[in-house]
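Have a look at it first, then read on.

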Amino acid sequence: MSLLVRADRADEEPPEDTADAPDVPAPPREVLRRGFLGSLLAAVVASVLLQASTLGLFSIRWLGDQLIFGVGFYVDTLVIWLFLGLLWAVLGRLWWAIGVVFAIVLAVGVATLVKIQYREEPVYPSDVDFLREPGFLTSMVSPALLVLAVAAIAGVVVGGVLLGRRMARRYPRPRLRDLPRPQAWVLAGSRVLVGVVALLLLAQAGQFNQPGNLWRGMYEARGEHWRYWNQKTNYRSNGFIGGFLFNMPVDAMAEPDDYDDARMDEIADRYERLAARTNAGRTGSLDDTNVVIVLSESFTDPTELEGFDLERDPIPRTRARMAGTTSGHMLSQMYGGGTANMEFETLTGQSLGLFRPQMLSPYQMLVPEHADYPSAVGWFRAQGHDAIAVHPYRVGMYKREQVYERFGFQSFIHDSTIRETATIDDNPYISDHSAFDEVLAQIDEHDRPLMVNLVTMQNHIPVDGNYDDPIGVSGSDDDKIGQYARGLEHTDEALDEFLDTLEKKREKTIVLFYGDHLPGIYDSDIKHQNTGISLYRTPFFIWSSEPGHNRARTIPTTSPAFFLPLLYDVADAPVPPYLAMLGKLHERVSALQQGRMLDPSGERIEESDLDAKTAQLLADLRLVQFDFSIGGRRALDRLWPGAVAQKP
């Protein structure tokens, strides 16, 4: 009986193994439909993830607003969808393309989360330069997070490949050679067409900031505007891709309408007369004086912040120095970062606030593009100084090696050439004491006066567990604050000893000391308690070893672009016309940064509200900055002679 049953069943169609048996290849139209819908869904998810990364966390309400009302979200999705289409056209595998896109999204999203945590800014196109400094990148994140991120990215790629293979078994792709010629041409032609259209449209994205750009017009369709003074908000408001494209490289400045030889001659005449009047009563000189400019990494006064208390003042010696010198607060460009930009402003007198907002880093995007660049380095060399740069860290950061060569520094001392490499406790960075000792040694070894630009590293983040004896903190349980404050105390001690040593030397020295920005260590509660410019103010002072030059003078909150004329004021030394111009503007506009302008009382002002005299000064400076940076340098020899250093 059983044999008969088996024989009967043998005549029946065997059951289909839906788990293993492949389907019949779908026709090209179905393949294209699945690809269209699958890639669109993937683009939406990728866009959501990128948008969410700018928050540091998921906000259902915010995401809901973006999905319903945000034009930027939809345009972001379209850009990602086109990129997916281009990858599909190249790879020929949709799931592989999706895997690559999500790997990129994951990498960029994690980088954005970390960067916002430490620096309150998202990822920029120019950040690709940091890929050349993997040591720096790994120092910013914990090894566990780095391993997790790499594993997740690799997992996404591998997952995309495996899923693609599984889907290929379940939904086999028709092979072109197995299809009738008309269908083969449809499938192949569709792939080529998608690739070409996607490539042409994406190429337009690279010209995002050009007049009439298609993509920028789409982002601005509902009146969106670009909040360049706060890039985190810029990305959130206009979409991550929109914010990223907005910051694509552009010319540093638009050429002013009245930029010509006659106008620059007029400006040169005006400020030569101003310099002559300024210098008439000055009796000092910097010709035989060492000029030391110290950018102290993350040096701030944490006692000025609300939300916590320290058991003792970490910078009492610095505070005492400030009380007897020209001193005050500097307005930093950003919270948690911007070191190279503050250094650029100090050495050139050029303001980031007068460049286009996409000029995020002149050290990376502007200076290396020139054979030389006007700066205080060339000026002091023309006055008989030797110029030395000291930065006890890697030479590649912010392209400093190239930038210092363009400025005209004759020597660059870094982490592998500095004499002392001592660190303190578990802090991995070379100490400020070692950096100051290098400056003292250079002064002793040179017969000619020096112009030294020192950029320290001791207080760079991360600060977790750096010291065995952190300063006690009340009101906050964040250990990083006490660790950071102890680092400031070490700087305070080393700086005081450095100035004492200079004071005992026979040769004269003038020192400009300033912090570049606050460290990115404070939590949201502390940030919310410190509004306005509280998180953007750092101490500075100008000290001279020459008796009688130091006097108590508090400067309104200023910008590093105005440091050079202040330094000349302390020395009572004659200024070139360019510094006379900066000094005159500083009397009316005390601080100038991207999105911020302060008057001498510290109140925020708008350019449209300036009086006629101040507006003319600012317009003149804008013309001069264009001329010096990307213009023809028509007035350079008259306004700042020698500012371009002669090659050896």
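What follows goes from the whole chain to its salt bridges and then to one pair of helices.

**The whole chain**

Keep in mind that this is a predicted model. The chain has 648 residues, and 54% of them count as buried. It's built with 24 helices and 12 strands. If you take the contacts with a separation of 6 or more, 75% of them come from residues 24 or more positions apart.

**Salt bridges**

How many salt bridges turn up in a search of the whole structure? The search finds 35. Here are some of them, with their N to O distances.

| Lys or Arg partner | Asp or Glu partner | Distance (N to O) |
|---|---|---|
| Lys 115 | Glu 121 | 3.6 Å |
| Arg 319 | Asp 301 | 2.8 Å |
| Lys 505 | Asp 444 | 2.6 Å |

Let's start with Lys 115 and Glu 121, whose side chains meet in a salt bridge. Both of these residues are buried.

Next up is the salt bridge between Arg 319 and Asp 301. Arg 319 sits in helix α13 (residues 316-323) and Asp 301 in the loop between β1 (289-296) and β2 (309-310), so this pair ties together parts that are 18 residues apart in sequence. Is Asp 301 buried or exposed? With a relative accessible area of 7%, Asp 301 is buried, because buried means under 20%. Arg 319, on the other hand, counts as partly exposed at 31% relative accessibility.

Then there's the bridge from Lys 505 to Asp 444. This pair links distant parts of the chain, 61 residues apart: Lys 505 is in the loop between α19 (479-504) and β8 (508-515), while Asp 444 belongs to helix α18 (residues 432-445). Lys 505 is partly exposed, with a relative accessible area of 22%.

Some salt bridges share partners, and in that way Asp 258, Arg 263, Glu 266, Arg 270 and Asp 620 are joined into one network.

**A pair of helices**

Now for helix α22 (residues 577-586) and helix α23 (residues 612-629): their axes come within 10 Å and cross at roughly 145 degrees. The crossing is left-handed. On the α22 side, the contact is made by Tyr 578, Met 581, Leu 582, Lys 584 and Leu 585. The residues from α23 include Leu 617, Val 624, Phe 628 and Asp 620, and Asp 620 is also part of the salt-bridge network. Sorted by class, the contact of α22 with α23 has 9 nonpolar, 1 polar and 2 charged residues.

Technical notes:
Residues numbered from 1 in each chain as written. Predicted model: local features only at pLDDT ≥ 70, side-chain atom pairs only at ≥ 80, totals over all residues. Heavy atoms only, no water. Salt bridge = Lys/Arg side-chain N within 4 Å of Asp/Glu carboxyl O. Buried < 20%, exposed > 50% of the residue type's maximum accessible area, 1.4 Å probe, protein only. Helix = DSSP H or I, 4+ residues; strand = E, 2+ residues; numbered from the N terminus. Contact = heavy atoms within 4.5 Å. Axes fitted to C-alpha atoms, helices over the stretch in contact; angles between N-to-C directions. Left-handed = near helix turned anticlockwise from the far one by under 90°. Nonpolar A, V, L, I, M, F, W, Y, C, P; charged D, E, K, R; others polar.
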